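Look through the structure shown here. This report takes a few helices, loops and contacts in turn.

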Amino acid sequence: MHIKSSTRTTPSTSPTSRPHHDDFTDLAAPDFTSLLSDEILLQIFLRIPTSQYLTNSLVCKRWLSLHGRLARAITVLDWSFLISGRVFHRFPNLTDLDIIRACIKKSRNSGIVVTNKSLCVPVDTEFSELLFVGENDVLSRELVDYGLEMIAENYPNLRRIGAIGLSENGLSSIARKCETLQEMELHCSDDMLLKGISECRNLQLLKLVGFVDGFYSSVVSDIGLTILAQGCRRLVTLELCGCEGSYDGIKAIGQCCEMLEELTLNDHRMDGGWLSALSFCGNLKTLRLQSCKCIDSNPGSDEHLGCCAALEELYLERCQMRDKQGVKALFRVCSSVREIVLQDCWGLGDDVFGLISACRRVKLLSLEGCSLLTTGGLEAVIDTWKELERLKVTSCNKIKDAEVTPALASLFSVLKELKWRPDTRSLLSSSLEGTGVGNKGSRFFGGLKG
């Protein structure tokens with residue numbers, strides 16, 4: 001590497017005294033980094049912010065190679081980069097590898113992309129089967145399995161992988177050779193694929209994506225959930241996206257995965273009655289429902305619902321909550337919960353919100369985008385909660401400052417934390433600033449937040 005000197009010499013007025021163009025090479029400073037071993041340079045690079053890694057890797061081929069050794073996680077966009085083996089030479093120490101987008105056969109030059117959460121897919125002028133990712137748009141299972149075999153051979157210390165379109169054989173090769181694998185994200189999964197995932201004995205975090213509206217359609221039913229439960233008994237976090245199932249599948253997970261602490265259901269397609277199976281998840285601490293069109297179509301009688309005694313956090317995000325029977329059953333199962341977060345849920349009026357009063361041990365309530373809930377509906381519930389310590393209300397347009405009663409204001413004064421911004425015109429938070437409202441309970445909370 002040659003770095004030109006930043007010191008400039010003043011040229012002579014005589015034309016003959018001007019240096020020739022080739023003479024500038026003599027002014028180049030020596031490369032002192034060549035005196036340092038690779039190990040020393042790596043220790044130096046480790047102390048540099050990761051935001052500068054890319055810039056530093058462009059200095060020379062040696063620095064490019066060394067920065068490749070530092071990388072632990074990458075997302076592969078081009079399948080040829082993997083199948084040619086270049087990824088293993090360029091990044092020899094990876095522990096986190098995502099090949100989902102590389103497995104999708106889409107033109108990278110279309111200029112149009114469609115995004116669904118973490119998945120970003122280029123759009124062609126023609127897409128098959130009315131899906132952005134049709135059956136013919138994913139690499140063949142044989143080719144994906146061959147790529148997984150290469151990954152297993154070169155990255156035995158792999159801890160996380162994301163893939164799509166693989167088969168039981170490809171997953172088994174990863175499970176056999178990557179014994180430290182702890183986290184996995186599988187798209188377009190089906191029941192038979194999960195025979196291979198059951199060999200991942202140390203798997204702790206799993207995201208399983210079945211049906212995604214407009215992208216791809218696959219089926220994960222009770223059969224797959226039972227296979228998963230019996231094989232992956234060390235699961236701590238499980239996310240099911242677009243998966244089918246019923247009481248039997250969730251019960252199997254609860255009984256076999258005794259270490260399960262966090263369960264997420266995204267756009268679930270569970271049959272009626274699945275809620276009562278949650279009581280078998282004895283150590284479940286966090287339950288998330290996201291983009292669910294229905295909570296439970298037929299939860300059954302209250303005496304058969306049971307309760308998640310260890311549950312601490314309940315999150316409902318972008319869910320349809322007009323079905324009172326399903327919502328009532330959910331809050332009954334989660335009656336021991338300590339923190340409830342409701343965000344952009346449809347149909348959450350005063351009558352539906354009143355069902356939340358079954359959860360009597362709530363310490364934190366966060367409401368965002370609950371456009372149907374009124375001040376009276378909010379007060380009727382939180383007035384019955386004796387352990388409430390933290391309240392956050394944002395973007396709830398029917399909750400008005402003018403409707404805050406003295407009793408509700410008195411409740412605000414004993415909270416440890418209060419964030420009150422129901423609409424853009426709310427002036428209550430600014431008028432209470434400095435009065436001590438919102439920080440009476442403990443010095444460790446930052447008072448009222450506007």
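## Leucine 235 and its loop

Leucine 235 sits in the loop between H9 and S8. The model is a predicted one. Is leucine 235 buried or exposed? Its relative accessibility is 0%, so leucine 235 counts as buried; the cut-off for buried is under 20%.

Leucine 203 lies 32 residues away from leucine 235 along the chain, yet their C-alpha atoms are separated by 6.0 Å. Leucine 235 also has a list of contacts, leaving out residues up to four places away in sequence. Leu203, Gln204, Leu205 and Leu206 are among them.

## Helix H9

Helix H9 covers residues 222–231. Seven of its 10 residues are buried, so H9 is largely enclosed by the rest of the structure. Which residues of H9 are buried? They are Asp222, Gly224, Leu225, Ile227, Leu228, Ala229 and Gly231.

## Two aspartates with positive phi

Aspartate 267 is in the loop between strand S10 (262–266) and strand S11 (269–270). Its phi is near 50 degrees, a positive value in a residue other than glycine. Aspartate 267 has a relative accessible area of 12%, so it is buried.

Aspartate 344 is in the loop between S14 and helix H12 (350–353). Phi of aspartate 344 is near 50 degrees, again positive in a residue other than glycine. With a relative accessible area of 32%, aspartate 344 is partly exposed.

## Serine 336

Where is serine 336? It lies in the loop between helix H11 (324–333) and strand S14 (339–343). Its relative accessibility is 13%, so serine 336 counts as buried.

Set aside the neighbours within four places in sequence. Serine 336 is then in contact with Cys307, Cys308, Ala309, Leu311 and Arg361.

## Helices H13 and H14

Helix H13 spans residues 375–382, and helix H14 spans residues 406–413. They pack at an angle of about 55 degrees, with their axes 11 Å apart. Because of that angle, H13 is oblique to H14. Their crossing is left-handed.

Which residues make the contact? H13 gives Thr375, Glu379 and Ile382, while H14 gives Ala407, Leu408 and Leu411. Four of these contact residues are nonpolar, one is polar and one is charged. An α-helix has 3.6 residues a turn, so residues three or four places apart point the same way.

Aspartate 383 is in the loop between H13 and strand S16 (390–394). Its relative accessibility is 48%, so aspartate 383 counts as partly exposed. Aspartate 383 and serine 357 are 26 residues apart in sequence. In space, C-alpha to C-alpha, they are 9.6 Å apart.

The largest nonpolar core has 117 residues. Which of them touch the most other members? Ile151 and Leu365 do. Leaving out residues up to four places away in sequence, leucine 365 touches Ile340, Phe353, Ile356, Leu378 and Ile382, among others. Its contacts also include Trp385, Leu388, Arg390, Leu391 and Lys392. Ile382 is also one of the H13 residues in the contact with H14.

Definitions and conventions: Residues are numbered from 1 along each chain as its sequence is written. This is a predicted model: local features need pLDDT of at least 70, side-chain atom pairs count only at pLDDT 80 or more; totals for chains, interfaces and linings use all residues. Side-chain values use heavy atoms; hydrogens and water are left out. Axes are lines fitted to C-alpha atoms, for helices over the stretch in contact, and angles run from 0 to 180 degrees between N-to-C directions. Helices (H or I, at least four residues) and strands (E, at least two) are DSSP runs, numbered from the N terminus. Angles under 35 degrees count as roughly parallel, over 145 as roughly antiparallel, 65 to 115 as roughly perpendicular and the rest as oblique. A crossing is left-handed if the near helix is turned anticlockwise from the far one by less than a right angle, and right-handed if clockwise. Contact means heavy atoms within 4.5 Å. Ala, Val, Leu, Ile, Met, Phe, Trp, Tyr, Cys and Pro count as nonpolar, Asp, Glu, Lys and Arg as charged, and the others, Gly among them, as polar. A nonpolar core is a set of buried Ala, Val, Leu, Ile, Met, Phe, Trp, Tyr and Cys residues joined through side-chain atoms within 4.5 Å. Buried means under 20% relative accessible area, exposed over 50%, partly exposed in between (1.4 Å probe, protein chains only).
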